[in-house]
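Me: I would like to learn how to read the packing of a structure like this one. Please take me through it feature by feature.

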Amino acid sequence: MLVFDKADVDEPFLTHNAELLAMVAPQLEAELTRRLAQKTLTEQVKGIFKKLLAGQRPTLGEVARELHLSTRTLQRRLTAEQAKFQQLMEEARRELAQHYLLHSSLELNETAYLLGYEDSNSFFRAFQQWEGTSPGEWRAVHGNRARSRQAPTSVV
(Lines give C-alpha, C1' and ligand atoms only; values in the text may rest on other atoms or scores of the structure.)
Protein backbone atom coordinates (compact mmCIF):
# COMPACT_ATOMS: atom_id res chain seq x y z
CA MET A 1 0.00 0.00 0.00
CA LEU A 2 1.28 3.46 -0.86
CA VAL A 3 0.64 6.39 1.43
CA PHE A 4 1.17 9.94 0.16
CA ASP A 5 1.19 13.26 1.95
CA LYS A 6 -1.75 15.41 0.91
CA ALA A 7 0.66 18.12 -0.25
CA ASP A 8 2.32 15.65 -2.63
CA VAL A 9 -1.02 14.60 -4.10
CA ASP A 10 -1.86 18.23 -4.82
CA GLU A 11 1.35 18.70 -6.84
CA PRO A 12 1.02 18.58 -10.64
CA PHE A 13 1.83 15.28 -12.32
CA LEU A 14 4.89 16.30 -14.37
CA THR A 15 4.75 13.50 -16.95
CA HIS A 16 0.99 13.72 -17.52
CA ASN A 17 0.14 12.93 -21.13
CA ALA A 18 -3.54 13.55 -21.88
CA GLU A 19 -3.38 12.00 -25.36
CA LEU A 20 -1.82 8.78 -24.09
CA LEU A 21 -4.30 8.63 -21.24
CA ALA A 22 -7.20 9.05 -23.66
CA MET A 23 -5.89 6.12 -25.72
CA VAL A 24 -5.13 3.77 -22.83
CA ALA A 25 -7.87 4.58 -20.28
CA PRO A 26 -10.74 2.85 -22.13
CA GLN A 27 -8.71 -0.35 -22.45
CA LEU A 28 -7.73 -0.24 -18.76
CA GLU A 29 -11.35 0.37 -17.72
CA ALA A 30 -12.51 -2.54 -19.90
CA GLU A 31 -9.89 -4.84 -18.36
CA LEU A 32 -10.81 -3.77 -14.84
CA THR A 33 -14.50 -4.35 -15.59
CA ARG A 34 -13.71 -7.78 -17.05
CA ARG A 35 -11.67 -8.79 -14.02
CA LEU A 36 -14.28 -7.55 -11.59
CA ALA A 37 -16.97 -9.47 -13.45
CA GLN A 38 -15.01 -12.68 -12.86
CA LYS A 39 -15.24 -12.22 -9.09
CA THR A 40 -18.21 -13.08 -6.94
CA LEU A 41 -20.18 -10.21 -5.48
CA THR A 42 -18.75 -10.91 -2.04
CA GLU A 43 -15.19 -10.72 -3.42
CA GLN A 44 -16.06 -7.46 -5.20
CA VAL A 45 -17.57 -5.97 -2.03
CA LYS A 46 -14.52 -6.94 0.05
CA GLY A 47 -12.26 -5.41 -2.59
CA ILE A 48 -14.24 -2.18 -2.46
CA PHE A 49 -14.05 -2.17 1.34
CA LYS A 50 -10.28 -2.50 1.15
CA LYS A 51 -10.17 0.43 -1.25
CA LEU A 52 -12.52 2.68 0.76
CA LEU A 53 -11.59 1.79 4.34
CA ALA A 54 -8.65 4.18 4.80
CA GLY A 55 -9.72 6.25 7.77
CA GLN A 56 -13.45 5.71 7.36
CA ARG A 57 -16.22 3.13 7.47
CA PRO A 58 -17.78 2.74 4.02
CA THR A 59 -21.57 2.76 3.95
CA LEU A 60 -23.87 0.45 2.04
CA GLY A 61 -24.65 3.36 -0.30
CA GLU A 62 -20.98 4.04 -1.05
CA VAL A 63 -20.28 0.39 -1.85
CA ALA A 64 -23.43 0.15 -3.98
CA ARG A 65 -22.35 3.27 -5.90
CA GLU A 66 -18.94 1.72 -6.60
CA LEU A 67 -20.70 -1.35 -8.02
CA HIS A 68 -23.22 0.77 -9.97
CA LEU A 69 -26.10 -0.84 -8.07
CA SER A 70 -28.92 0.46 -5.93
CA THR A 71 -28.57 -0.22 -2.22
CA ARG A 72 -31.60 -2.52 -2.35
CA THR A 73 -30.14 -4.54 -5.24
CA LEU A 74 -26.83 -4.87 -3.40
CA GLN A 75 -28.64 -6.06 -0.26
CA ARG A 76 -30.70 -8.54 -2.27
CA ARG A 77 -27.64 -9.95 -4.06
CA LEU A 78 -25.65 -10.25 -0.84
CA THR A 79 -28.57 -12.13 0.70
CA ALA A 80 -28.64 -14.46 -2.32
CA GLU A 81 -24.94 -15.21 -1.69
CA GLN A 82 -25.73 -15.67 2.02
CA ALA A 83 -23.41 -12.79 2.92
CA LYS A 84 -23.93 -9.89 5.26
CA PHE A 85 -22.55 -6.40 4.65
CA GLN A 86 -21.09 -6.05 8.16
CA GLN A 87 -19.55 -9.54 7.98
CA LEU A 88 -17.79 -8.68 4.71
CA MET A 89 -16.49 -5.44 6.20
CA GLU A 90 -15.04 -7.36 9.15
CA GLU A 91 -13.43 -9.92 6.82
CA ALA A 92 -11.88 -7.12 4.76
CA ARG A 93 -10.64 -5.42 7.93
CA ARG A 94 -9.14 -8.66 9.20
CA GLU A 95 -7.34 -9.35 5.91
CA LEU A 96 -6.06 -5.78 5.71
CA ALA A 97 -4.97 -5.85 9.36
CA GLN A 98 -2.91 -8.97 8.73
CA HIS A 99 -1.41 -7.40 5.61
CA TYR A 100 -0.52 -4.14 7.37
CA LEU A 101 0.99 -5.97 10.34
CA LEU A 102 3.13 -8.20 8.13
CA HIS A 103 4.11 -5.83 5.34
CA SER A 104 4.48 -2.41 6.90
CA SER A 105 6.07 -0.63 9.79
CA LEU A 106 2.85 1.23 10.63
CA GLU A 107 2.20 1.88 14.29
CA LEU A 108 -0.77 -0.03 15.66
CA ASN A 109 -2.82 3.15 16.10
CA GLU A 110 -2.14 4.04 12.43
CA THR A 111 -3.29 0.57 11.42
CA ALA A 112 -6.46 1.04 13.48
CA TYR A 113 -7.15 4.34 11.72
CA LEU A 114 -6.57 2.87 8.25
CA LEU A 115 -9.05 0.11 9.06
CA GLY A 116 -11.74 2.63 9.92
CA TYR A 117 -11.70 2.22 13.69
CA GLU A 118 -12.38 5.34 15.70
CA ASP A 119 -9.82 4.36 18.32
CA SER A 120 -7.05 1.82 18.70
CA ASN A 121 -8.81 0.04 21.59
CA SER A 122 -11.67 -0.98 19.28
CA PHE A 123 -9.13 -2.38 16.80
CA PHE A 124 -7.28 -4.24 19.57
CA ARG A 125 -10.53 -5.84 20.80
CA ALA A 126 -11.56 -6.86 17.27
CA PHE A 127 -8.12 -8.28 16.51
CA GLN A 128 -8.07 -10.20 19.80
CA GLN A 129 -11.44 -11.70 18.87
CA TRP A 130 -10.26 -12.63 15.33
CA GLU A 131 -6.85 -14.04 16.18
CA GLY A 132 -6.90 -14.82 19.90
CA THR A 133 -3.89 -12.57 20.50
CA SER A 134 -2.94 -8.89 20.41
CA PRO A 135 -1.87 -7.22 17.14
CA GLY A 136 1.65 -6.64 18.49
CA GLU A 137 2.10 -10.28 19.50
CA TRP A 138 0.63 -11.48 16.20
CA ARG A 139 3.04 -9.25 14.27
CA ALA A 140 6.02 -10.52 16.28
CA VAL A 141 5.14 -14.19 15.70
CA HIS A 142 4.02 -14.00 12.08
CA GLY A 143 6.60 -11.42 11.06
CA ASN A 144 9.37 -13.73 12.26
CA ARG A 145 7.85 -16.63 10.30
CA ALA A 146 7.68 -14.54 7.12
CA ARG A 147 11.28 -13.39 7.56
CA SER A 148 12.54 -16.94 8.22
CA ARG A 149 10.85 -18.18 5.01
CA GLN A 150 12.49 -15.39 3.02
CA ALA A 151 15.93 -15.76 4.56
CA PRO A 152 18.47 -17.13 2.09
CA THR A 153 19.85 -20.51 2.92
CA SER A 154 23.49 -21.30 2.39
CA VAL A 155 24.81 -24.67 1.43
CA VAL A 156 28.24 -25.59 2.74
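Reply: Start with contact, which means heavy atoms within 4.5 Å. This is a predicted model, in which local features need pLDDT of at least 70, side-chain atom pairs count only at pLDDT 80 or more, and totals for chains, interfaces and linings use all residues. Residues are numbered from 1 along each chain as its sequence is written, and side-chain values use heavy atoms, with hydrogens and water left out.

Me: Which residues is Thr111 in contact with, leaving aside its neighbours within four places in sequence?

Reply: They are Tyr100, Leu106 and Phe123. Thr111 itself lies in helix 7, residues 108-114. Helices (H or I, at least four residues) and strands (E, at least two) are DSSP runs, numbered from the N terminus.

Me: Is Thr111 buried or exposed?

Reply: Buried means under 20% relative accessible area, exposed over 50%, and partly exposed in between, with a 1.4 Å probe and protein chains only. Thr111 has a relative accessible area of 0%, so it is buried.

Me: Which residues of helix 4 are buried?

Reply: In helix 4 (residues 60-67), Leu60, Val63, Ala64 and Leu67 are buried. They lie on the same side of helix 4 because they cover an arc of only 100° around the axis. The arc is that of the directions from the helix axis to the C-beta atoms. The cover over these buried residues includes helix 3 (41-52), helix 5 (71-80) and helix 6 (85-103). After helix 4 comes His68, whose phi is positive, near 60°.

Me: What does Phe49 touch, not counting residues up to four places away in sequence?

Reply: Phe49, a residue of helix 3, touches Pro58, Val63, Phe85, Leu88, Met89 and Ala92. Phe49 counts as buried, at 0% relative accessibility. From C-alpha to C-alpha, Phe49 and Glu90 are 9.4 Å apart in space, yet 41 residues apart in sequence.

Me: How is a pair of packed helices described?

Reply: Two packed helices are described by the angle between their axes and the distance between the axes. Axes are lines fitted to C-alpha atoms, for helices over the stretch in contact, and angles run from 0 to 180 degrees between N-to-C directions. Angles under 35 degrees count as roughly parallel, over 145 as roughly antiparallel, 65 to 115 as roughly perpendicular and the rest as oblique.

The axes of helix 6 and helix 8 (residues 120-131) come within 11 Å and cross at roughly 95°. That makes helix 6 roughly perpendicular to helix 8. In this pair, Glu90, Arg93, Arg94, Ala97, Gln98 and Leu101 of helix 6 meet Phe123, Phe127, Trp130 and Glu131 of helix 8.

Me: At what angle do the axes of helix 3 and helix 5 cross, and which residues meet?

Reply: Their axes cross at roughly 125° and come within 10 Å. Helix 3 and helix 5 are therefore oblique to each other. Leu41, Thr42 and Val45 in helix 3 meet Leu74, Arg77 and Leu78 in helix 5.
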